[in-house]
Amino acid sequence: MPGAEGRQPRVTNQRSYEYQLWSKVARQELYFLSFGFFDQAGEIIRFFRASPSFQAAPVPLFWIIVKPAQKLFAIILGRSIRNWWKALPPNKRELFKESARKNKWKILLGVSSLGVLFVMFYFTHLEETPITGRARLLVFGKEHFRELSQMEYDMWMEEFKTKMLPETDARYQVVERVVGHLSESNKDIPQVSALKWVIHVVDEPGVNAFVLPNGQVFVFTGLLNAVSDIHQLSFILGHEIAHAVLEHAAEKASLVHFLDFLSLIFLTMIWAICPRDSLAVIGQWIQSKLQEFVFDRPYSRTLEAEADKVGLQFAAKACVDVRASSVFWQQMELAETIQGQPKLPEWLSTHPSHENRAEHLDRLIPEALKIRERCNCPSLSGPDPRLIFRLNMQHLLESSKDEETPNSTKRALSKPNLDFPHTQKVEDMPVTFAVKPTN
C-alpha cells in the first residue's frame, strides 16, 4: 500500500497547536482511510497537517484518539491486579482461591455472557458488501467517514499543494478522461453514480494512487510512468475506485475497532498474569503481532483481491482490454527483481504478492471478457498483451544467456530493453476507448 516525514506545521495559535497534537496521535491510526496502491512497507507515509480551525472529531476519529487511553487503562488495571495479588498474605490467597472454586459456575456464566454479548454485537452489525454481496462487519456510519475523508483530503492537499499538476497538463487530462469514462460506463451502479469523482495528479515519483471515500482521486506521476498503456491505467484506477465503492475504509476501521476492543481483555490478562513488567511488555508485543499477522494483514489482502475483482469488472464495462491487467503486475515483479528489492513472503504484507495478483487476475479475465461482450464492446484486436510480455521475457532471458561473463550478464539485466509494442508515455497516449455502439 516511498516518502519521508514531512515538515511540521507552523503553530499560529492555541487552536492550531491543539490540532497539531491531535494530528500526531491520529495519523498513525488512520492508514485505513485511503488504500494505497502498494504494501505499507513501500507506500507513502500518511501524516496530517494543521488546518486553520479546530472542529469536533467525527465518531471513528473519536475512537481512534481514545484508543491509546484504552490500552493504557488496560495495562494499569492488569498491573494493579498483579500488585494486589502479590501483596495478599498467603492465607488470604488461599481463601480467594477457595471462593473462586466455590463460585466457578457463576464465574463461567459471567465470562460466557460476555462472550455472547460480543457475538451478538458482531452478528447484529453485519451488512452486505455492495456488488459482491459478501457479509462484513460495519460499525461506523457512512456519514462519519465522509467527514473523516474530507479532513484527510484537506491534509493531503496541504501536503501536495506545490506538486499538483494543472488541469492543462496532458497527464492530468489523461487521468481525468480515464476516470470519467470509468464512472460513465458504470453509472448503473448506485455507489458509483452517487459520488463526484475529483481528480488530483501529484508530481511524485512514487508508483501509487488512491481514492478517498468521498471520491477524491489522487494519482502520482510515478504511476503514470510505470504503466505501459491506457488499459493498464484504466484497470488500476478501476481498482482504486472499487475500494471507495465497496466502502473498504469503513469496513477495515470497523474490524480494527472490534479487534482492538477484544484485545483489551487479553492485554489486561497479560499484565495481570506476567510476574514482571518486562515479560508483560514481551507478551503485549506478541499479542499485537499475532493480531496483525493473523487478522489485520490477511484481511487487507482479502480487500485488495476484492478490489481487483470489482475493478476489473469496472474496466470491462468500460470496454478496456482487461488482459493488460495481469501484465502490469508481471512488469512490477520484473522491475523489483531487476532493482534487487528483497522478495518478502506474502503473509508479511498487507497486499498480495505481484505474482499471486497476476495469477488471480488471469483467472478473472475470462469472466471479464464475457462482461465486455454483454456490454456490446467491439472485439479485441491485436495480439494478447500477456503473450507479448512472455515473448519479451523469453527474449530478455535468451539475450542474458548469450553474454560471456557474469558481470556483463548483470549489466544486461540491470538495464533490460523491454521494447513492448504497445508501450507509450502516458502524456502521449490517445485516450481512445472502444465505445459501445449506439444502434
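The model is predicted, so local features need pLDDT of at least 70 and side-chain atom pairs count only at pLDDT 80 or more, while totals for chains, interfaces and linings use all residues. Residues are numbered from 1 along each chain as its sequence is written, and side-chain values use heavy atoms, without hydrogens and water.

Helices H11 (residues 277-317) and H13 (residues 354-374) pack with their axes 9 Å apart, at an angle of about 30 degrees. Helices here are DSSP runs (H or I, at least four residues), numbered from the N terminus; axes are lines fitted to C-alpha atoms over the stretch in contact, with angles from 0 to 180 degrees between N-to-C directions.

The whole structure holds 23 salt bridges, each a side-chain nitrogen of Lys or Arg within 4 Å of a carboxyl oxygen of Asp or Glu. One joins Glu98 and Arg101 (2.9 Å, N to O); these residues are about one helical turn apart because they are three residues apart in helix H3 (residues 90-102).

Conventions: Helices (H or I, at least four residues) and strands (E, at least two) are DSSP runs, numbered from the N terminus.
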